[in-house]
Amino acid sequence: MVDIAARPRTDGARTHTGLTLLALSVSGMVVSVQQTLVLPLLPQLMRHFQTSVGSVTWVFTASLLAGAVATPLLSRLGDMYGKKNLILVTMGLLLAGSIVCALSGSLPVLIAGRALQGTSSALIPLAIGMIRDSFPPAKVTSGIGIVSATMGVGGSMGMIVTGLIADHTSSYRPEFWIAAALAAAGLVMVVLSARDIGGRTGGRPDYLGAALLAGLLVCLLLAISEGNDWGWSSGGVVGLFAAAAVLTAVWVLVELRVRQPLVRLGLLIGRQSLSANFASMLLGFSMFAAFTLISTFVQTPRSVGYGLGGDVLDVGLYMLPSTVTMLVCSALAGRIAQRIGAANSLAIGSVFAGLSYLWLALSHSHAYDMLGFSAVQGIGFGVAYAALGTLAVQHVPMDQSGIASGINSLVRTAGGSVSAAVTAAVLTGETIPALPGVPQLHAYVLCFVIVAVGAWLAAAVAVVHGIRHPAPAHGIEARETS
């Protein structure tokens, strides 16, 4: 039977769930803010460091890449040493990375700081695991939904914050000092409010698995991002793809042989996990691709024949409707998921997200196009991301909820990393001949279509998942296993 120590719920803990949820939600929002904080700054950073679009995109990609590697590792450590302890570690890493970025004077140092910030992505699965461990059953679904939805809300807020600051200064450093202050505030809230009463599994972390995972992701993303510059058939690009394939094979063999693997392959590609993780990857691809595309499209001067000629502040303002609708829909998402199931909720949200990108692909010349896109996108991700957190853990035993959520977050972040590299490759591959480095309008339209298809594929996968794997009879509570 399931270890009772792994699922304690006392009356005192129930009275404290409100403060715990507040602390976790605020911290999750801070983590999401840092992920998109730099997006409106990419054109400015490109000019400041006199570098290419592909190079400066690593300021964003490095954060996602570090998050993809750190998430399963820190989730595993959370199961071993307590989720609250590891949440405090992630917030401390976010604080340290923000300070490094604020003090940076070169692009490599800035990228290193962003990688350190990116490790904080592990907070969301750790928070979901804490909720499932310690909340009363009736509050688990809504709690997970609220914390999961902070990913989208915080992402939009990060762009708004950057826009407001950039309107008053040309330096990129103030944004990172604000991120450091927010990280410190979130850390204090977790220390004072969050309670972790879940069981601990013991064991040892799989550092070799983490190193191999980092290596294969770096090779894959570097090959995609540099394909246009080096040539897709060049020795460097082909070698990187080959190295990624070899490292993937070695990583799988290691994970199958070690006693306590970084990623339990059954939770990654198992019968009930594969479709949920695939949908998560596609949704991550769509969301992070949209953030990078909107930032550069809005700031493209109309003189090139398209774009909105906006500045950094305009990027944030155009995303404001997304923040509002996402907040409203994420608050309702828990009830929706309880009525129709997490898989169907994810499908509905993904359909709305795809429709928002289709809007931009068909009409993108006016401010109201961007505002309409933003509002519809917020509806989609507000519902979808809240459902995704539930879908990731509803079929697994209690003592595996942290790592299951971590794996789901891993594939979502990996999807976001690939999207940044893919969109950068498309934009740099089709440029205006008279304006070197400036993408053609067709490149943006193609990217919007690709992102829309990604969201709709996530919807299709979610529908199939819901049909093949109905939610457990007792909601999100895992089935007892012997």
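Buried here means under 20% relative accessible area. With that in hand, let's look at the aromatic rings of this predicted model.

**Confidence**

The chain averages a pLDDT of 82, and 89% of the residues score at least 70. Two stretches call for some care. Over residues 1-15 the pLDDT stays under 50, and the model has 33 contacts for them beyond four places in sequence. Residues 474-482 also have a pLDDT below 50, with 29 contacts in the model beyond near neighbours in sequence.

**Aromatic pairs**

The count of aromatic pairs comes to nine. Two of them are set out here.

| Pair | Distance between ring centres | Angle between planes | Class |
|---|---|---|---|
| Phe297 and Tyr444 | 5.2 Å | 75° | edge-to-face |
| Tyr357 and Phe373 | 5.8 Å | 40° | tilted |

Take Phe297 and Tyr444 to begin with. Their planes stand at 75°, and because angles over 60 degrees count as edge-to-face, the pair falls in that class. Phe297 lies in helix H14 (residues 274-298) and Tyr444 in helix H20 (residues 441-468), so the pair ties together parts that are 147 residues apart in sequence. Phe297 has 1% relative accessibility and so counts as buried; Tyr444 is buried too, at 2%. Ring pairs also join Phe297 and Tyr444 with Tyr306 and Phe448 in a cluster.

Now for Tyr357 and Phe373. With planes at 40°, this pair is tilted. Tyr357 belongs to helix H17 (residues 342-362) and Phe373 to helix H18 (residues 367-393); the two residues are 16 apart, and their pair links distant parts of the chain. Both Tyr357 and Phe373 are buried.

Methods. Residues numbered from 1 in each chain as written. Predicted model: local features only at pLDDT ≥ 70, side-chain atom pairs only at ≥ 80, totals over all residues. Heavy atoms only, no water. pLDDT = per-residue confidence, 0-100. Contact = heavy atoms within 4.5 Å. Phe/Tyr/Trp six-rings, centres within 6.5 Å; stacked < 30°, edge-to-face > 60°. Helix = DSSP H or I, 4+ residues; strand = E, 2+ residues; numbered from the N terminus. Buried < 20%, exposed > 50% of the residue type's maximum accessible area, 1.4 Å probe, protein only.
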